[in-house]
Amino acid sequence: DRVVEVLRTRHYSRRTEEAYIHWIRRFLLFHTGAHPRQLAEAGVNFFLTHLAVRENVAASTQNQALAALLFLYEQVLERPLNRIEGVVRALKPKRLPAVLTPDEVEAVLDQMDGVPRLVCMVLYGSGLRVLEALQLRVKDLDFGRREIVLREAKGRKDRVTMLPDVLHEPLQDHLRRVGRQHEAELALGLGRVPLPYALARKYPNADREWVWQWVFPASSHYVNPETGLRHRHHLHESVIQKAVGPAARRAGIPKRVTTHTFRHSFATRLLEDGYDIRTVQELYGHKDVRTTMIYTHVLNRGGRGVRSPLDQLRKPASKESAGIRPAQRSA
């Protein structure tokens with residue numbers, strides 16, 4: 001309870017809250033319920049090493065566990081840890097993201113329809129994460145300025161990205177349908193959405209206003225356990241995730257395609273079009289440009305930009321000389 005209280009006081013996201021509670025619980029269970037004050041540096045070292053050696057977790061998973069435990073000791077117990085030495089670190093392989101060509105993106109989108117297709121168009125057209133797109137509210141779309149304003153995105157930072165011209169009409173048609181649904185719910189005494197922080201107390205009727213409604217609302221309501229009110233949440237990300245994979249298979253794309261692949265493809269395409277990496281960093285919301293630099297692999301296409309000598313032959317190789325059908329030597 002104390003961990004949850006501190007997390008919410010500092011306005012951490014619910015995803016971070018769930019992850020931190022998960023790792024703190026696993027840490028305590030690993031040490032058979034011993035109080036963390038008794039464990040300190042040695043206990044943290046032992047647990048992190050176990051994750052890398054016995055459970056073979058990825059480096060990002062081990063880092064997330066470490067962040068949760070540092071939060072526990074520094075913010076909750078108010079007993080910062082000393083230097084943790086001797087931890088066996090999980091290996092962090094350098095991997096390039098899977099990206100789609102424009103033709104492949106179009107092929108996948110052609111196999112989709114409805115709201116999932118519209119969401120994926122937003123992901124590719126604006127470079128959003130899937131949850132960022134699903135958490136958009138009506139007021140965040142500025143058609144006049146051709147902008148999407150992301151409120152408290154990853155890292156609790158606001159940022160602005162482009163709203164593609166080709167999405168204006170589909171999004172406006174979609175919002176008209178959502179607006180009619182909202183008006184019908186207001187007539188039934190519904191039409192509420194959850195608001196951030198204490199805005200619901202400061203503005204009692206704001207949760208019914210059109211500007212605060214989700215751009216991509218869920219199909220059903222839920223009862224808020226804290227207030228007892230019936231709210232409509234945004235569409236769950238699993239709805240989009242479950243639509244992308246089958247669409248890519250139907251399109252015959254021989255790659256592992258996820259919702260995040262559209263975001264990777266967005267950055268790759270911008271760099272191919274000659275935009276500088278600082279622009280991509282700002283649109284992406286990366287804190288460090290080194291994170292964005294993973295996409296510069298597109299600037300070194302084909303073996304770091306080296307042209308193969310085979311491509312420089314004046315005459316294309318025949319099937320026989322290429323080894324497809326070896327020629328029979330005459331006696």
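This short talk covers a sheet, a cavity and a pocket in one predicted model.

Ground rules. Residues are numbered from 1 along each chain as its sequence is written, and side-chain values use heavy atoms, with hydrogens and water left out. As the model is predicted, local features need pLDDT of at least 70, side-chain atom pairs count only at pLDDT 80 or more, and totals for chains, interfaces and linings use all residues.

Sheet next. Two strands pair if DSSP finds at least two bridges between them. Strand β2 (residues 147-153) pairs with β3 over five bridges. Leu150 has Arg159 in β3 as its bridge partner.

Now the cavity. That means a set of points on a 1 Å grid over the protein atoms alone, where a 1.4 Å probe fits but cannot get out. Lining residues have an atom within 4 Å of a point. How many cavities of 30 Å³ or more does the search find? One. The largest cavity has a volume of about 80 Å³; a volume is the space filled by probe spheres set on the points, which are joined across faces, edges and corners. Its lining includes His182, Trp210 and Arg232. Helix α8 (residues 168-187) gives the largest share, four residues. Helices are H or I runs of at least four residues.

Last, a pocket: an open set with protein on both sides within 12 Å along at least five of seven lines. The second largest pocket holds about 250 Å³. Asp1, Val3, Ile24, Leu28 and Leu72 lie nearest its centre. α2 gives the most to the lining, four residues.

Key: Helix = DSSP H or I, 4+ residues; strand = E, 2+ residues; numbered from the N terminus.
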